[in-house]
Structures are given as C-alpha cells and as structure tokens.
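Let's walk through this one together, starting with how two chains meet.

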Amino acid sequence: MFAEVFSKVFANIFVPGNILLAFGGNAIGLIFGAIPGLSVSMALALFLPVSYVLPSYSGIIFLANIYTGAESGGLFGSILIGIPGTTSAVATTYDGYPMTQNGQATKALGIAIVSSFIGTTGSVACAMLFSPFISKLALMMGPWEIFSLCFCAIVLVVTISKGDMWNGLIAALFGVLFACVGFSPIDGAKRFSFGIKVLLGGINTTALILGLFALGTVVVNYGQHKNQNPPSPKVKLRGLGVSFKELIENRILILRSFFVGLWIGFLPGMGGGLSNQVSYAMARSASKHPETFGHGNPEGVYATEVANNASIGGAVVPMITLGIPGDSPTTLILSALIVFGLEPGPMLLQKSPVHAYLLYVAMFLGAFVALCLSFGGLRAFPKILSVPYNYLFSAVVLLSFTGAYSLSNSNTILMVCIALAVVNVFFTFAGLPKAPFLLGFILSPMLETNLRMGLTYTNKGFWVFLTRPVSCLLLVIAVASLFWPSVREKLEAKKKAAKTAD
Amino acid sequence: MNKDRYLSLFYILFGVVVIIVAANIKTMFAVASEDTGPKFFPYIVGVCMCLCGIGKFFSSKDKKAKQFVKSKKDWLRIILISSILLAYAILIKYLGYVICSTALLISLAILLADEKKPKTWKVIVFSVAVVAVVFIMFKYVLKISLPEGIWIKAIRKAIF
C-alpha cells in the first residue's frame, strides 16, 4: 500500500508546475521569515486564498513550502541585523549577531542554513514514521480524552506565556469566546453574531490572523513609533561558511537540539518559539566554554536553528493525526486542508493517505528548496532586509485586505479585520499575551464539541472526564501546572525563611 | 488605583455582559438531557472571566505599569491610522478596488515614513505598481473577483 501511495505522491510532486510552486512558495516564505515584523502565520494567511484556487495537491505543496521556507528564513534577520525574523529565531540572535559583528557573518549564516535543513528534514522524516502509530492510538481516544488534551494544551500555554498567569488565562478566555461567535456546534444556535451576516459562520481564522497580526502590528507599531527602518546590514558574504567536518564535530549538539525541538514541537501550543530558547540554554549548560556563549559561539547557532526547525515536524504530527493544531501556522494549514475537502484527524491517514503523505514529502522537498534558495540567494538577503518600512508594510496592509476580501467577497470582513486590529491594540495596552488567545480560539470548537459529546455519550455527568484514566491524567497535569508556579514560590520563600532563621 | 485594577474591573464587567448575552441565546431545538446546550460554554467563559478579573484585582501590586505609548498624543496616531483603514473598508464598496487601494498605499507610504518624507513620485510609482501587480494577480491569474465599486459602475454605465 505504501509503495502505491508514495508513487502517487511523487508523481504529483515532480511536475514542473508544482516544482515551480514549491520554489515560489519557499521564496515567499523565506522573505516573510527573514524580515522582522512579518511572520510565518502572516505569510500563510496572506497566501491561503491563493492556494484555494489551485488543485488540492498543488495547494498543499505551495503551503508546505511557504511554511518550511518561513520557518527557515527567520535566521537571516537574527544573524544579519540582530533582530529575529520570527519568534522561533530569537535565540539565534544571541550568538548569530555577535558572529556577524566579529566578521563571521558568512559562517553564522552557513551554520544556520545547514542546521535548519537538518532540523526540518530529520523532523519531517520522524513525523512520517510516527504518524501511523499515533493515528492508531488516536483512534482509541474518545471525546473525553480529546477534551482533556485540548484543555491541557491551553493551560500549558498559559503557564509558559510571559507575564502574570491571570493575563494568560484572560487572554485564553477571550480566544475561547471569540470562537463561540457564529453557529454553535451540534445544534447550530446563533451566538454573539448580533445580526451581522459575516459573523454567522464564525470569525474566519485567516481573517483573525490578518487582522490581529498584520493590521494590528502596523497600527500598534505606528502608535509606538516603531515604524522605523531596521538597521541595514553591512556585511560581505563569501563562500558557504560551513564544512562537513564541523558538522561531524558538533554531532552530539545537533542530535540533542534535534530531539529537544522535535519533542517541544509535538507538544501543542509550544513549537519553535520555545524550543530554540530551551535548546540554547541546554547547549550553554552542556558546553565546555559556556562563558563564550553570547559572544559569537557557533554552538549557540547550531543549537537554536536545529531545534526550531525540528519543531516543524513535531508540530505537524498532532495536526495530521489528531486534527489538533498546536500553533497558528498549523491551524492555517489545517483550515486549508478542510477547504481542500479533507478531514484532518485520526482517519486522514486512512481515508486520504496521498494528501497526508504529500504534505510530508512537500515539506521534505521544502527543506531542500530552502537550502538551495538560501545559499543561492545569500547575497540578496541583506538587500531584502533593507526594504524601507513604509513601503513594505503598506504593501502588507494591501495584501491583507485583498486576501481577506477574497475570503467572503464582502467588505464586512474587512471591518472584522480592522476590529481585530483594535483588539490587538487592546491586548498590547493591557499586556495580554497573544499565544494563549490564539490557542484558545483554535481549540475552542474542539473543546466544546468534545465536552458536549462526552457528556451525552454517558449519563455520568462531568465525572466521566475524571473516571477515564488518560483524560484524568491530562486534567491533573493541567491543574497542577496552573498551581505549580505559586506553590513553588511559597516553597522557595519558606526555604529562604528557614535559611535566614538558621 | 492603578491601571491593572481598572483593567480587572473591566474584565469582571465584561464577564457579566457575556453571561447576560449568553442567557439570551435561543436554542434551536431541544437538546439531549445530558447535553449542556449552546449556552453552557459562553456561561463558563463569562464566569471564568469574572473570576480571573477578581483574581487579578487582588494579586495586582501597586507598581507602575509599563507605558503603552510614550505620550497621550500617540493615541491620535493610532486613531488616525485606524481611520484610514476603516475608510478603505467602507469606500471600497463605492469606489472600487483600484482607486481605493492606490489611495490607501499612497497615504500609508507617506504616513508610515514619518519625518523622512519620501519623494512623491516614488510613492506614486510604488503604489500604482503594487496595485497593478496585486490586481492582475488576483483578478486574472487567480480569478478572484474584486469590487468594481457601485459609483464607478454607475459612471461606466452612464458613459458607455
């Protein structure tokens, strides 16, 4: 069966048109990833409407390449100007930018590009191997387990988000509430649509991301005087910067960072944004020369770039096998899969194996294309990073509006986008983190549907969620992680008090 | 009272509003006796929002909150740029995609540059070129319909 599936997958990928789409998507992704302020989600949201008019196979190849390209592109901003292009390349600035300042820009870029490639290909290969097993396990899960898993994911994101826990919880609640707009699941009651036609179908995820991130960022940046041009990189780039020998020397570092990235990517709601930081911290503590970290140690670049790209494969697994996306890029890909007529979830690998494996293979191909484009266009990136802010972001606003308009062919959706930009102003004003909001919004329909299904399947009421072992364990983890920070604070205070008393 | 406390009160009030609105949700048909119905989830959100507001109110320390904008004048900047976006969203229905988009790009390219005023011809060339590329891409390559504008359509019909 696999041979048949893969022969179909390859027959669909290696068509001139689709290869062209792969290169085009990857180039778009790399540019969006490289420029600070533009993100992976923005690239996907802006080009989703484009993918909808393509045949499903081509659409998947296009989106998978935007995704892998954008996840790899973040390194350019981090290394060349010291401003991370994406949140998953934040830790790359710690050592990547000092390397540039020390005159080792080419080496830093070479290491980062090759590390990204290793991270993506390895993690996508692992994802392809593990998906059938996880999807079999997922088939054994009932609505109780899925509800608890979604709940646990939201709570975990709340606990790792910066700032105080209340803000994280409030942000998540806003997300859940926003997802309640429109017809309710199961019985289709109208909720919070206030007679506005475009809201009946709920707030469109693409419109939400365009409004909140693209328009919202432009509005907030303008208010905060952050509409300045980034420093233009002044570097001379020569050669490839990295040798095979160096890779072999750093094999243990690469392997460790890889598994950290893969695992964190697999956990819902976390992904590259967290894994690059964790992997960096681990590399520093394991290094023989921790004092050189932050001053241009190549190990820091290896650690972050392998880990953040390894998270890609990890993040795709729950999206494909459980139908639960862990972050905004996978949510957007998931929504595209639904438009293509697929049903993401445990049955996807059985019902439409060609589409599912095509996504994996397209991502694998994406890693190769990103490698070629990154090395081939190495000298173009300093120029891309010097595009003036006013031109770049006004074009982004226009693309956002055009993309949003094409979703529903009405200007009401543009107003929804602007309303969401205002929501972004409020969130920044109130200091509410956006990650829990987004995950709350994404997982809310699954949370509600599975809660209600779980309750109707048995007559035990809410107890049923605690009597099923896996569901109970997930809920315990969620509650414990919510209270752990305050418990730990008290324990530490007690310890300190005991020490001072001694 | 500091900013955090005011915000906490807002969250509590917001939670109450959510509960009231949720109470008025009309159920389409009788749900199974064990099912919670469509009101339950919004109720929970409303109640949790109130609880979080209360929790935040009592946990907030009287420290000086981080400033969102440097001065009160900066709020005007936010209102100005938001109104430009809103004007686009409203006018696109009447004036159509091409005119509105060109105007949007010209105004944003000048506005976002602040003091470093860009050359007028550069802004115009940029705006016309970007609108042309996006318009042709969406309308003819992707075959997605973009608004022609009610007024523009009327003028076109009157002339031809």
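When we say contact here, we mean heavy atoms within 4.5 Å. Keep in mind that this is a predicted model. By that cut-off, chain A puts 67 residues into the contact and chain B puts in 71.

How much area do the two chains bury between them? The size of an interface is often quoted as the accessible area lost when the parts come together. For chain B and chain A that comes to about 6,100 Å², with 76% of it on carbon and sulfur atoms. If you want to pick out individual residues, go to F41(B), F68(B) and L112(B): together they supply 12% of the area that chain B buries against chain A, more than any other three residues.

Now for the polar side of things. There are zero salt bridges between chain B and chain A. What you do get across the interface is 13 residue pairs in polar contact, both partners being at pLDDT 80 or more.

Which helices of chain B are involved? Helix 1 (3–23), helix 2 (40–59), helix 3 (73–111) and helix 4 (120–141) of chain B each give at least two residues to the side that touches chain A. Helix 3 of chain B makes the largest contribution, at 21 residues. Sort that side of chain B by class and you find 51 nonpolar residues, eight polar and twelve charged.

Finally, step back to chain B as a whole. It splits into domain 1 (3–59) and domain 2 (73–159). Taken over C-alpha atoms, the centres of domain 1 and domain 2 of chain B are 40 Å apart.

Note on methods
Residues numbered from 1 in each chain as written. Chains lettered and ligands numbered in written order. Predicted model: local features only at pLDDT ≥ 70, side-chain atom pairs only at ≥ 80, totals over all residues. Heavy atoms only, no water. Buried area = accessible area lost by both parts, 1.4 Å probe. Salt bridge = Lys/Arg side-chain N within 4 Å of Asp/Glu carboxyl O. Polar contact = N/O pair within 3.5 Å; in protein donor to acceptor, adjacent residues only side chain to side chain. Helix = DSSP H or I, 4+ residues; strand = E, 2+ residues; numbered from the N terminus. Nonpolar A, V, L, I, M, F, W, Y, C, P; charged D, E, K, R; others polar. Domains from an automatic or database assignment.
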